[in-house]
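My entries follow in the order I made them.

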Amino acid sequence: MTRRYLKVFALGGLFALTACAPQSEVRQLHQSVSTLNKEMTQLNQETVKITQQNTLNKKSASGVYLLPGANTPARLNSQIGMLRMSLANIAPNADGTRLTLRIQGESNEPLPAFSGTVEWGQLQGTTQDYREVNVQNQLINAPASTLAPSDVDIPLQLNGITPEQLGFVRIHDIQPAQQP
């Protein structure tokens, strides 16, 4: 059933019930329909972002794209093994955007110390024909883990871009840290 038919059905039921229901129940029903509409809109937006993220990652020869709003990890086969990466705690601050890059190792071994590159910017165009705009980058370093499976949270400061402007975060060149 499409969303349009679902909305028509819900609204038709709402009007039918308002004729014989007390006003408090009608208000509660209105609130429920409003909440359902908001949740459906959020779910649709998240589905679009997940689809875009998956499409970008299929086209990527190296590295992995993470899109704010997708709320879904992406996998990267790196020099230190298979990793699951996701974004968390995306928030504005005075210099741009603050977020946490969560990296999880998929093996039963602790992650070694590693470095990599994080790029961020805006996407223009369609998923099939896009351009990365206002791209910036920074190097990241993570210490070795002592536990397995490993989870590493790396706080990032993305200067010059607000959370609303942030179109993508791309992680690439993950490699073991150089031993002194």
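This is a predicted model: local features need pLDDT of at least 70, side-chain atom pairs count only at pLDDT 80 or more; totals for chains, interfaces and linings use all residues.

Entry 1. Asp-173 belongs to strand E8, which covers residues 168-176. I also noted its backbone: phi is positive, about 55 degrees, although Asp-173 is not a glycine. Most residues other than glycine have a negative phi.

Entry 2. I then turned to Asn-89, which is not a glycine and has a positive phi of about 55 degrees. I found Asn-89 in strand E3, residues 81-93. Is Asn-89 buried or exposed? With a relative accessibility of 55%, Asn-89 counts as exposed, because the cut-off for that is over 50%.

Entry 3. Next I traced the sheet that holds E3. I read the order as E2-E3-E4-E7, four strands in an open sheet with antiparallel pairing. Which strands stand at the edges? They are E2 (74-78) and E7 (151-159); each has a single partner strand, so one side of each has no neighbour in the sheet. I noted that neighbouring strands here are turned by 30 degrees against each other on average, with direction ignored.

Entry 4. I went through the pairs one by one. E2 pairs with E3 over five bridges, in the antiparallel sense. E3 and E4 run antiparallel and are joined by nine bridges.

Entry 5. I checked how covered strand E4 is. Of the ten residues in E4 (residues 96-105), seven are buried, so I called the strand mostly covered, buried being under 20% relative accessible area.

Entry 6. Last, I looked at Ser-78, in strand E2. Gly-81 in E3 stands opposite Ser-78. What does the side chain of Ser-78 reach? I found the backbone oxygen of Gly-81 at 2.8 Å. Leaving out residues up to four places away in sequence, Ser-78 touches Leu-83 and Ile-174. Its relative accessibility is 15%, so Ser-78 counts as buried.

Methods:
Residues are numbered from 1 along each chain as its sequence is written. Side-chain values use heavy atoms; hydrogens and water are left out. Helices (H or I, at least four residues) and strands (E, at least two) are DSSP runs, numbered from the N terminus. Buried means under 20% relative accessible area, exposed over 50%, partly exposed in between (1.4 Å probe, protein chains only). Two strands pair if DSSP finds at least two bridges between them. Axes are lines fitted to C-alpha atoms, for helices over the stretch in contact, and angles run from 0 to 180 degrees between N-to-C directions. A polar contact is a pair of N or O atoms within 3.5 Å; within protein, one must be able to donate a hydrogen and the other to accept it, and residues adjacent in sequence count only if both atoms are side-chain atoms. Contact means heavy atoms within 4.5 Å.
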